[in-house]
Amino acid sequence: MAETIGEKSDELRRRNAASEAGGGPDRKDRQHKEGKLSARERVELLLDEGTFEEFDRLVMHRCDDFDMASQRVPGDGVVSGYGRIEGRTVFVFAQDFTVFGGSMSEANAQKICKVMDRAMQVGAPIIGLNDSGGARIQEGVVSLAGYADIFLRNTLASGVVPQISAIMGPCAGGAVYSPAITDFIVMVEKTSYMFITGPDVIRTVTHEDVTKEELGGPMTHNAVSGVAHFVTRDDPDCLALIRELLSFLPSNCTDDPPVKPCSDPIDREEASLDTLVPTETDQPYDMRDVIHRVVDDGYFFEVQEHFAQNMIVGFARLGGQPVGIVANQPAVLAGTLDINASLKGARFVRFCDCFNLPLITFEDVPGFLPGTQQEYGGIIKHGAKLLYAFAEATVPKLTVITRKAYGGAYCVMASKHIRTDVNYAYPTAEIAVMGPEGAVNILYRRELAEAAETNEGSKLRDAKVEEFKRLFANPYIAAERGYIDEVIQPRHTRRKLITALRMLAGKRDTMPPKKHGNIPL
């Protein structure tokens, strides 16, 4: 006798219920006790309420292993589909640790690949919520092939749609390379970690004794390695941060970033800026204070806050328009550029250029950090990455020199000579080959040595330093040559930047025809 419609519907409900149950209530409770939400709870909290549409919820693994054959769960350990964030379409997959530890299978990988393919077709961001024990051992090379299929799509999607990875549990071995290719990585305190080889293997091979937290915990990757971009308190905080991050980004490389209504007056003057930057070049100050006083409502969304703190990068709005901000930080290492700062800045600049975010540079840089550690570590090629990124970028680029701009670092930090559109300087700016003290030591070495014999060396040095400052360490020589478009009063910074951004709204710049450049990796 043929099944009735009701019976067929009952079967559908049974399978859907099995998919929603995942690994069952006991494993879900264990997930909660560890401070983690389930995969479905994460997706529902990430997306606008009621907008999630799921793909492949009934897909199951195809493994013939005897023990596995009797354990077939609809969905196979990953929840995937699409929904909306602030009304905009996004695609998402969430690994379900309650099903085989969220391990990667052939079916699992195909679900993720389908979501990524569709995201590229329609031009929408991809969000991956990672919580997995790694490759499913029982499936052998098939599970490894699944990872490679995902890596390929991460690479093809790079620069096409924004890709965001949340590490909300373990992420180890080959699995780490998918998040590593994506644009931003968010980690969660106490529950997430990333590493290629775990503590046990390291202990056996190198005899180093290290914990999971020390090896690949959130602060390790946010402050030491620079692999991750954000650290959050818990799952809800992580998902809220992703929503906030997306509010600055376009859906794809052909869209403009979403402009929001601006209630902060465009011509607002900030008198405190006139005295914020010390005239003494050896006096530190926090460049964030400058940024907060210039951007809309004083709100700055910082990226990689804990890594390479001598460089500041992040998102803000000017007149409602999202922008990327790159700034030296005089309060840390005097704002010098080192290997980590160069890498941090270059990666961020290239992201902004991919997705049509204008770049605002606040410059106070005395040069590159000297020392054998930096030279042996390759500061030449790493510093060149930042130079390459700025020179390659075709989005609107604006620079404000607040104080020091010395040597090669002046050239690298979005100078006029590498296609920056508008360059401003404060009256406190010093643009020179090097600082006055170092310059005088070289230029007047013989005279200073002779004067030292008559106890006049100190007086002569002071006189020559003051002469150098008057003749070279100011913004007016550069302004006379057009390298600086205007020397401005600091209080006018906000109005000047917004006016220039609006002038550059229709900017079109090109690169010479080629397959791609060869950035000094």
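User: What makes Asp-364 and Arg-403 a salt bridge?

Analyst: The model is predicted, so local features need pLDDT of at least 70 and side-chain atom pairs count only at pLDDT 80 or more, while totals for chains, interfaces and linings use all residues. Residues are numbered from 1 along each chain as its sequence is written, and side-chain values use heavy atoms, with hydrogens and water left out. A salt bridge requires a side-chain nitrogen of Lys or Arg within 4 Å of a carboxyl oxygen of Asp or Glu. The closest N and O atoms of Asp-364 and Arg-403 are 3.1 Å apart, so the pair meets the rule. The partners belong to distant parts of the chain, 39 residues apart: Asp-364 is in strand S13 (residues 359-365) and Arg-403 in strand S14 (residues 397-406). Strands here are DSSP runs of E with at least two residues, and helices are runs of H or I with at least four, numbered from the N terminus.

User: Why is Asp-364 called buried?

Analyst: Buried means under 20% relative accessible area, exposed means over 50%, and partly exposed lies in between (1.4 Å probe, protein chains only). Asp-364 has a value of 0%, so it is buried. Arg-403, at 1%, is buried as well.

User: Why does Glu-466 count as partly exposed?

Analyst: Its relative accessibility is 48%, so Glu-466 falls in the middle class. Lys-469, at 34%, is also partly exposed. The two side chains form a salt bridge at 4.0 Å, N to O. Both residues lie in helix H20 (residues 457-471), three residues apart, about one turn of the helix.

User: Which classes do Asp-509 and Lys-507 fall into?

Analyst: Asp-509 is partly exposed, because its relative accessible area is 31%. Lys-507 is buried, because its value is 15%. They too are joined by a salt bridge, with the closest N and O atoms 4.0 Å apart.

User: How many salt bridges does the rule give?

Analyst: The count comes to 30. Some are linked in a network, made up of Asp-264, Arg-268, Glu-270, Asp-296 and Arg-494.

User: How do you know that Val-141 is exposed?

Analyst: Val-141 has a relative accessible area of 62%, so it is exposed. Val-141 lies in helix H6 (residues 141-157).

User: How much of the chain is buried?

Analyst: Of its 521 residues, 51% count as buried. The chain has 22 helices and 17 strands.
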